[in-house]
Every structure is written in C-alpha cells, then in structure tokens.
Amino acid sequence: MTVVANVLVGLVALIHLYIVLLEMALWTTPRVRATFGTTEEFARESKPLAANQGLYNGFLALALIWGLIASDPAGFQLKLYGLVCVVIAGLYGAATATRKILFVQVLPGALALVFLLLAR
C-alpha cells in the first residue's frame, strides 16, 4: 500500500511540476493558450499572474517531493500537507475557473491522499 501511495504522490508532484512549466515558462505559447482557452493578448497581460500561480504549484510539488525523500514522521506530514493543499486548491480552481481541474488536479490528489492514509 505504501508503494502505491508513494507512486501516486510522485504522480501528483509531476503533474504540478508540469503546471509550473506551463504557467511560468510557456504561458504565452499557442499550445498553452489553447489549453487554457486564452487569447494572445490576455496571455501577454496575465503572464505575471500566471507565473505567480505557477510558483505556488511549484511549492506544492516541492512539499510532495520532500515528503517522498524525508523519513517519517516528517515525510508523512509533508505528503499529507501537500496533498490536502492540492485538493483544496483544486476544488477552489474547479469552482472558480474550470471543472476540468477536478480531473486534472483533485482526482489524482484525492486518490493519493486516500492511499497515503490507508498505508498509514
């Protein structure tokens, strides 16, 4: 059970590292604009905001990666904290931005959280 939990935590961390890349480095590219449904003008104007949001996603990924590396109890606590933050942020994003976030962020985070708690 612990292996499954850690694999899911790693997957959630990778998802958030990918989001960091999209929001901090690739925000104004045509492919990312299409993914987020933004115009070139909006992407240009919102680039600093997207980068800030990407930074927060990086912090979530960092907590999860650190949790995978650290020994318990700190490792468990970091993974728990990171996953709860992912799920809460995802629920807020789904309520305010797009419901797609439920599948991209909330579902993987919630699954990892369930397996983390079951492995405890």
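This report walks through a predicted model, helix by helix and residue by residue.

## Helix 1

Helix 1 covers residues 2-24. Its 23 residues should span 33 Å at 1.5 Å a residue. The C-alpha atoms at its ends lie 32 Å apart, which agrees.

An α-helix has 3.6 residues a turn, so residues three or four places apart point the same way.

## H16, a buried residue of helix 1

H16 sits in helix 1. Its relative accessibility is 1%, so H16 counts as buried; the cut-off for buried is under 20%.

Setting aside residues up to four places away in sequence, H16 touches N57, L60, A61, V86 and Q105. Of these, V86 is a buried residue of helix 4, and Q105 belongs to helix 5.

Is Q105 buried or exposed? Q105 is buried, because its relative accessible area is 10%. Its contacts, leaving aside neighbours within four places in sequence, are H16, V86, A89 and G90.

L91 gives a distance to check on screen. Q105 and L91 are 14 residues apart in sequence. Their C-alpha atoms are 8.6 Å apart in space.

N6 touches L68 and K79, not counting residues up to four places away in sequence. K79 is one of the buried residues of helix 4.

N6 and Y92 are 86 residues apart along the chain. Their C-alpha atoms are separated by 25 Å.

## Helix 4

Helix 4 runs over residues 74-96. At 1.5 Å a residue, its 23 residues should span 33 Å. The end C-alpha atoms are 33 Å apart, which agrees.

The buried residues here are G75, F76, L78, K79, G82, L83, V86, V87, G90, G93 and A94. They pack against helix 1, helix 3 and helix 5.

P73 is placed in the loop between helix 3 and helix 4. The peptide bond from D72 to P73 is cis, with omega near 10°. As a rule, most peptide bonds are trans.

## E45 in helix 3

Helix 3 spans residues 40-69, and E45 lies in it. E45 has 56% relative accessibility, so it counts as exposed. E45 and G90 are 45 residues apart in sequence. From C-alpha to C-alpha they are 24 Å apart in space.

## The largest pocket

The largest pocket has a volume of about 820 Å³. It is lined by 27 residues. Which of them are closest to its centre? They are E23, F36, Q53, T98 and I101.

Five helices each supply at least two lining residues: helix 1, helix 2 (30-36), helix 3 (40-69), helix 4 (74-96) and helix 5 (100-119). Helix 3 gives the largest share, with 8 residues. By type, the lining divides into 16 nonpolar, 9 polar and 2 charged residues.

Conventions:
Residues numbered from 1 in each chain as written. Predicted model: local features only at pLDDT ≥ 70, side-chain atom pairs only at ≥ 80, totals over all residues. Heavy atoms only, no water. Helix = DSSP H or I, 4+ residues; strand = E, 2+ residues; numbered from the N terminus. Buried < 20%, exposed > 50% of the residue type's maximum accessible area, 1.4 Å probe, protein only. Contact = heavy atoms within 4.5 Å. 1 Å grid on protein atoms, 1.4 Å probe; cavity = no way out; pocket = protein on both sides within 12 Å on 5 of 7 lines; lining within 4 Å. Points joined across faces, edges and corners; volume = space filled by probe spheres on them. Nonpolar A, V, L, I, M, F, W, Y, C, P; charged D, E, K, R; others polar. Expected span 1.5 Å × (residues − 1).
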